Amino acid sequence: MRNMNLRKLPFLALVLGVLLHFEVVADGMRDTVVAAMEASFEAKKQATMDRLDQDETQTLCTQHAAGILPSAVAERIMTLNRATIRPPPDGQYLGDWKGGELIAQTGTGFQSSDDPTKPAGGNCYACHELSGSEIAFGTIGPSLRYYGKVRGTSPTTLAAAWAKLYNSNAHMPCSNMPRFGHRGILTDQQLKDLMALLFDPASPVNQ
Ligand code: HEC
């Protein structure tokens, strides 16, 4: 056994060398891309240059964008993002589905051309199917049709959905879905209204 392991050593060293080489190349490319972005963007109204700053989650996701996320990195990202989740202070998860539908339909907010005094939208339809009547939806995310009807509204289910909306990376590292609560994109009340859109039996999602 011992001999066999020793014979594999040069091969393992080669594999490690190749992996390290790619890491270095990827890091070099990252600097080039960041420099190009910094040179081509300019601050405009609320869209300031700090938009280009990545937090630890985004940095790790960029570093590993081309390959499989190592499990230790995935764990780190989930731990970081789970720690940010704040349940609604009054313990009420469900708001008004009509407000939620409006937020799901709204794709404005935080762009230089948007009015910063107006609440931002969630743009959910850009990635998800929700109600049956809206036929223009994106498919980057899974269909959310009949979300509450299928899952019910147990406290665990509601808390899990709230966590998803609050910070998508808490249970899916490097998710494409924005971290709506954690990044202050949507308020607690907006998140509650979206929860009602997903779970209220009267919501068009569940019709
Ligand atoms: C840029 C695309 C994008 C946007 C915008 C987006 N999502 Fe998602 N969403 C995803 C993707 C991709 C997944 C699947 C991967 C994951 O779980 O993170 C997902 C997963 C989910 C899930 C979990 C689905 C399940 O199987 O339980 C819910 C709930 C959800 N999104 C709700 C929303 C709501 C509500 C909004 C609007 C406030 C929204 N999403 C906006 C991309 C998006």
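Me: What pLDDT does the protein chain average?

Reply: This is a predicted model, and the predictor's confidence is given from 0 to 100 for each residue. Here the average over the protein chain is 91, and 87% of the residues score at least 70. Over residues 14-20, however, the pLDDT is below 50, and this stretch has zero contacts in the model beyond near neighbours in sequence.

Me: How many helices and strands does the protein chain have?

Reply: The protein chain has seven helices and zero strands, which gives the pattern α-α-α-α-α-α-α along the sequence. Of its 207 residues, 25% count as buried. As for contacts between residues at least 6 apart in sequence, 61% join residues at least 24 apart.

Me: Is helix 7 mostly covered or mostly uncovered?

Reply: A residue counts as buried if 20 or more other C-beta atoms lie within 10 Å of its own. By that criterion helix 7 is mostly covered, with ten of its twelve residues buried. Among them are Leu191, Leu194, Leu198 and Phe199, as well as Lys192 and Asp193. The cover over the buried residues includes helix 4 (97-105), helix 5 (147-151) and helix 6 (155-166).

Me: Which residues are closest to the ligand, and how is its shell made up by class?

Reply: The ligand is surrounded by 22 residues, of which the closest are Gly122, Cys124, Cys127, Gly141 and Ser175. By class, the shell has 14 nonpolar, seven polar and one charged residues. Helix 6 supplies the largest share of this shell, three residues.

Me: Where is Cys174, and why is Cys174 classed as partly exposed?

Reply: Partly exposed is the class between buried, at 20 or more C-beta atoms within 10 Å, and exposed, at 12 or fewer. Cys174 belongs to the loop between helix 6 and helix 7. Cys174 is partly exposed because 17 other C-beta atoms lie within 10 Å. Leaving aside neighbours within four places in sequence, Cys174 is in contact with Cys61, Leu69, Ile77 and Asn169. The C-alpha atoms of Cys174 and His64 are separated by 9.5 Å, although these residues are 110 residues apart along the chain.

Notes:
Residues numbered from 1 in each chain as written. Predicted model: local features only at pLDDT ≥ 70, side-chain atom pairs only at ≥ 80, totals over all residues. Helix = DSSP H or I, 4+ residues; strand = E, 2+ residues; numbered from the N terminus. Contact = placed C-beta atoms within 7 Å. Near = placed C-beta within 6 Å. Nonpolar A, V, L, I, M, F, W, Y, C, P; charged D, E, K, R; others polar.
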